[in-house]
Every structure is written in C-alpha cells, then in structure tokens.
Amino acid sequence: MRTTHLWTRTLQHSRTRLFSSTCHRGEVLSIHDLPNRVHPSYAKRSDSKLLSLKWAEEPRNVMIVKKPGVEEIGDALVEFAEHITTTYPGTNIILEPSVAHNFHHRLSRPVYAIPPPSRSSPFPFTQSTDPRTPHQRPRKTSHEQPDTEDEPDHTSFLSEEIQTNPYHQKTDVLVTFGGDGTILHAASLFSTSRAVPPVLSFAMGTLGFLGEFKWAEYKTAYASLRHSCAFEHAEECNIRVLRRNRLQAGVYGVNGERIGGEWGEYEGIEDAHAMNELSLHRGRDPHLAILEIYIGPHLLTEAVADGIIVSTPTGSTAYSLSSGGSILHPSVPSLLLTPICPRSLSFRPLVLPEDAKITLRLSKRNRGREVEVSVDGRRWGGLGPGQEVRVWLETVGNESQEGGIPCVKRLNTPGAEDGWVGGLNGLLKFNYPFGEEE
C-alpha cells in the first residue's frame, strides 16, 4: 500500500510539472498548442514508380517514434531531436506520452504530447496494452473542474470541437527509430487517416526490412527530406517517395450493420487500414475455422483452416510469407490471399488484382464461437458466425497527399532505388544454399 501511495504522489507531481502553458527547458506541452500540419504534394515520374515530394511550406512538427527498451535508441532520439531543433529553428518535436515522460528532461527544448484527460492516469491514451498508442478521447463534462485555482485545467484540451486524432492534425513528418515493428506501430497511429505524413525510417531494430536509412545518415537524410526540390528540378534531389499500399477493412454484422473494433478510433466506427495484413485466426479454439471467401459477389470457396491472411505487397514478407505466401514487390498494387494451415492441400495462396473486393464470412456451421480479427498483429476483435470482414486495397491519389504510406527512399547510391532486392538477399537470404557460411 505504501508503494502504491508513493507512486500515486509521483504521478500527481509529474502531471503538475509536465503539462504547462509556459515554455521552459524540459517541459512537455500539449500537442493541441501546435500549428496544424503542412501537407506535402507528390508527383509521378516518367522514369520510375517512385514519387517526387514537394513542400508548400517547410515542415515544422516532427513526430519521433522509437523502439522501446533500448538505451542506444533513446540516446539517438535525444541526439536527433537536439540536432533538428538547433539546426532548423521553429521545429517542434512530438513524442508519444510515455516517451515524452521519460525523455523530456534530457532535451533542451520542450516536446509535445497528448495531454492526460484526467488526473486518474498520466498516460491513458492507449488502444491496447501497449502504453505508446492513442485511443478514444473522453469528452469533457460540465462538472469537471480543476482541483485548485493554481493547477491548470488539462480537461480544457478535450472540448467538443476536438474529436479527431491529434496526430493526424499536427504531424508533418513521421520519423522512426527501430525495426519493422516500430514502423508498423507508427503506421498504426494513422490507421484511420487518409493522409499519412512522409515516413523517414532508420533501421535500428532486430529486423530492418522496411528501414531505409542507417543512423549515421540522419543529418543528410532529414536535410534532404526537409529541403525537397521543386518538381521541375526533381532530378537533382537524392530522395524519392514510395507510396506503400494499405489494406482497408470493415467488419459487418449478420444484417449488414457496421461493427467497431475493440480499440476503436476517435471518429467512431471507422474502417481500419493495415500496412502489412489483416488476419482471421481460430485463436485458442481447438476447432478449425470455417470461412466463406467471396471475391466480389462470387463465392470462391469455403475454407477450413486455422485462419486466412489478406496482405499487401509490403506484408508479403511478413506473416503471409511464414504461412507459405508469395513474395511481392511493394510497387505492385495487388492483394495476397494466404490460408493458414488449411485442411485441403489444394488450397494455395492467391495473388489478386488491386480492384478485388474480398469478403471473409464466418460460416454459421463454424463449431467455435468466434475467430479473432487482427490488423497488423493487433487484435481488432472477434468475428461471430454470420459476421464478415470486407477487405480491399485503399485508393491512392496520384498527386495528392491521400492514400497509402509515403515512405522516404534514398537515391544517393547505385541501385538504392530498389532496396527491396537487397532486403531479399541480405535479410531473407534468398536462395541461400544450406550448409554454407557467409
């Protein structure tokens, strides 16, 4: 009891000290104080599937997402934040609440985070057990008042006018320090946003298949992104953007009504977007799942399996690959349908065109109560008999900021435009002979 009491007092002191209306060294300020985000524009090129990027205004709000629990990555975050705020005055750093709590005292300038909605918890914005992710915003009620006149009323940030995810409104650039899991987590923060900011990724994790830049390149990489050339001089730029396709999915009931996921979103019941895959799995149920699979209005098959994966080309090297799926280049717009341990050996993975609409309906003959629905490895909820998931490829605007995940790529080394090939050889050891050392 004494330990709990001391921890509660520490949290109360932290909340009073961190969120403030004044700007001093080492403080955590409200993300709502930042100016709204600056949207870049993209242009197609005749010689490549990669895009050129152009800023109407210089980016100001940089969100940094790091892999948790690694001291070296924490040091890198501090060094990067200090560099860009010193080199580019007016730059603001956005951190997730728990990261801001742990690192604000090491930075010479304030950082911005989602403020706590109440004094019951310092960082309650969670969509899952991971304390790094945002969740639904509780609305301010008329009876909520500050405890004292001297203590700022943090609930004022929760007015009725603010209903959307503040990351979507404020983030100009998204920077990740970690492996592929960190990039997926960062993308999940924009799972209901049609306009994901450009993602600048540094490979500092266990698996860096998606990470583009090495840590030693952070100064030149950010400078190149910030000072992207005008389209008429795009040939002189040393970066490009690969807009990775995302899945879009919705869950529907027996009567066709919309069903929201367990972790919800700010705007209510929304379609979820997946960078890698959506999967249905029998979970802890001992019985195989019985799923009716439709391509458009046509019944493809009734699958009896542990589950089904619908993946993007980016996700073809993840869960789908482990289940025997094909490997697809990320610039090929398509859908991959992969069974998980099917009862029939003739049920093989399928590659479908980009305009395919897939419906996965749990058969009423299914022996278990429900199957689990996961989006990029995070549980969305359960699917009962007669309910269905509808999955399709998100529409990507050709020259707008909408659709897909714009990932920054380097062009300053020969062959770097297609790092996917290097990933197959270096990370997946494609066609590597057995019994041979490197």
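# Questions on a predicted model

Biologist: With 68% relative accessibility, is Asn431 buried or exposed?

Modeller: Buried means under 20% relative accessible area, exposed means over 50%, and partly exposed lies in between (1.4 Å probe, protein chains only). At 68%, Asn431 therefore counts as exposed.

Biologist: Thanks! Before we go on, how many strands does the protein have?

Modeller: This is a predicted model, with residues numbered from 1 along each chain as its sequence is written; local features need pLDDT of at least 70 and side-chain atom pairs pLDDT 80 or more, while totals for chains, interfaces and linings use all residues. Helices (H or I, at least four residues) and strands (E, at least two) are DSSP runs numbered from the N terminus. Besides eight helices, the number of strands is 22.

Biologist: What share of contacts between residues at least 6 apart in sequence joins residues at least 24 apart?

Modeller: Of the 438 residues in the protein, 53% are buried. A contact means heavy atoms within 4.5 Å. Among contacts between residues at least 6 apart, the share joining residues at least 24 apart is 71%.

Biologist: Back to Asn431: what is its phi?

Modeller: Asn431 is in the segment after helix 8 (419-426). It is a residue other than glycine, yet its phi has a positive value, near 55°.

Biologist: And what is phi for Cys341?

Modeller: Cys341 belongs to strand 16 (residues 334-342). It counts as exposed because its relative accessibility is 53%. Here too a residue other than glycine has a positive phi, near 50°.

Biologist: Cys341 is one of the contacts of Asp306. Which side chain forms a polar contact with that of Asp306?

Modeller: Asp306 sits in strand 15 (residues 298-311), and at 12% relative accessibility it counts as buried. Beyond its neighbours within four places in sequence, Asp306 touches Leu280, His281, Arg282, Leu288, Ile340 and Cys341. A polar contact is a pair of N or O atoms within 3.5 Å; within protein, one must be able to donate a hydrogen and the other to accept it, and residues adjacent in sequence count only if both atoms are side-chain atoms. At 2.6 Å, the side chain in polar contact with that of Asp306 belongs to Arg282.

Biologist: How far apart are the C-alpha atoms of Thr317 and Ile327?

Modeller: Thr317 is in the loop between strand 15 and helix 7 (319-322), and its relative accessible area of 17% makes it buried. Leaving aside neighbours within four places in sequence, Thr317 has contacts with Phe209, Ile327 and Leu428. Although Thr317 and Ile327 are ten residues apart along the chain, their C-alpha atoms are separated by 6.0 Å.

Biologist: How many of the residues of helix 5 are buried?

Modeller: Helix 5 (residues 180-188) is mostly covered. Its buried residues pack against strand 4 (61-66), strand 7 (173-178), strand 8 (199-203), strand 20 (378-383) and strand 22 (405-410). Of the nine residues in helix 5, the number buried is eight.

Biologist: What is the C-alpha to C-alpha distance between Val62 and Thr171?

Modeller: Val62 is found in strand 4, where its relative accessible area of 0% makes it buried. Not counting residues up to four places away in sequence, its contacts include Ile84, Val173 and Tyr222. Val62 and Thr171 are 109 residues apart in sequence, but C-alpha to C-alpha they are separated by 6.1 Å.

Biologist: At roughly what angle do the axes of helix 2 and helix 6 cross?

Modeller: Axes are lines fitted to C-alpha atoms, for helices over the stretch in contact, and angles run from 0 to 180 degrees between N-to-C directions. The axes of helix 2 (residues 71-87) and helix 6 (residues 218-226) come within 11 Å and cross at roughly 45°.

Biologist: Which residues of helix 6 make that contact?

Modeller: On helix 2, the contact is made by Glu79, Phe80, His83 and Ile84. Facing them on helix 6 are Tyr218, Lys219 and Tyr222.

Definitions and conventions: Heavy atoms only, no water.
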